[in-house]
Amino acid sequence: MKLGRLVLSCALFVGVASAQDVMQKSMSIMEQGMTQIQQGFLNNNLKLIKSGAKLVKDGNKLFSEKEVILQYLPKEKKHMVNVAENAAKRIDLDVNVLELNLDDKAYINAANAYSDMLNACARCHSIVRSW
Ligand code: HEC
C-alpha cells in the first residue's frame, strides 16, 4: 500500500513537472524566435526573420489551448483565460500576416505584425504577472 502511494505520488510529480516543461519550452522557443525576427529586421536579414517566425509559430502551438493556459494562471486570474487564449491566437495570426507581408515585400507591414506579436506576449504576461 505504501509503495503504491509512493508510485502514485511520483507519477503525479512527473505529471506536474512535465506540464511545467510545456510552458517553459514554449516560452523559450518563442523568445528565441522573437529575438531572431528582431535581429532579422534590424540587419535586413530575411532568412533570420523567416526562421524566427517559424520558431514563434511552433512555440506558440505548445501553449495555445485553453486547458493548458488555465493551469498557469494564478487562482485569482483564472477568469481571464479567454483574454490569455486570445493573446495566443493573436500571435498565430500575426505570424501569418508577417509571412504574407514578407512574401509581398511589404516590410513595414511585416514589421508592424512583429510589433503586434510583442504586444500580445505582453498582454498575456500582464495577466500572469499582475503588471
Ligand atoms: C497565453 C499566455 C502567454 C502568451 C501569449 C505568452 N506568454 Fe510568455 N509566459 C506565460 C506564462 C504563464 C509564463 C510564466 C509566468 C511568468 O514568467 O510570469 C511566461 C513566461 C515567459 C518567459 C519566462 C520563461 C520562464 O521560464 O520563466 C519568457 C521568456 C516568455 N514568457 C516569452 C514569451 C514570448 C516571447 C511571447 C510572445 C511571442 C510570450 N511569452 C507569450 C504566458 C504567456
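How many residues does helix α4 have, and what length is expected for α4 at 1.5 Å a residue? Helix α4 (residues 81-103) has 23 residues. From its first C-alpha to its last, α4 reaches 34 Å, close to the 33 Å expected. The expected span is 1.5 Å times one less than the number of residues.

## Model and numbering

This is a predicted model: local features need pLDDT of at least 70, side-chain atom pairs count only at pLDDT 80 or more, and totals for chains, interfaces and linings use all residues. Residues are numbered from 1 along each chain as its sequence is written.

## Overall fold

The protein chain has five helices and zero strands. Its pattern along the sequence is α-α-α-α-α. Helices (H or I, at least four residues) and strands (E, at least two) are DSSP runs, numbered from the N terminus.

Of the 131 residues in the protein chain, 22% are buried. A buried residue has 20 or more other C-beta atoms within 10 Å of its own; an exposed one has 12 or fewer, and partly exposed lies in between, with C-beta atoms placed from the backbone. Take the contacts between residues at least 6 apart in sequence: 55% join residues at least 24 apart. Contact means that the two C-beta atoms, placed from the backbone, lie within 7 Å.

## Helix α4

The buried residues of α4 are A84, A87, A88, I91, D94, V95 and L98. Their cover includes α2 (46-62), α3 (66-72) and α5 (107-128). After α4 comes K105, with a positive phi near 60°.

## Helix α5

Helix α5 has 22 residues. It reaches 32 Å from first C-alpha to last, close to the expected 32 Å. Buried in α5 are A110, A113, Y114, M117, A120 and C124. These residues sit on the same side of α5 because they cover an arc of only 110° around the axis. The arc is taken from the directions from the helix axis to the C-beta atoms.

The face turned away from the buried side of α5 carries exposed I108, S115 and A122. Just after α5, S130 has a positive phi of about 50°.

## Ligand shell

The ligand is surrounded by 20 residues. The closest are M27, M30, Y72, C121 and C124. A residue counts as near if its C-beta atom, placed from the backbone, lies within 6 Å. C124 is also among the buried residues of α5.

At least two shell residues come from each of α1 (2-43), α3, α4 and α5. By class, the shell has 16 nonpolar, two polar and two charged residues. Nonpolar covers Ala, Val, Leu, Ile, Met, Phe, Trp, Tyr, Cys and Pro; charged covers Asp, Glu, Lys and Arg; the others, Gly among them, are polar.
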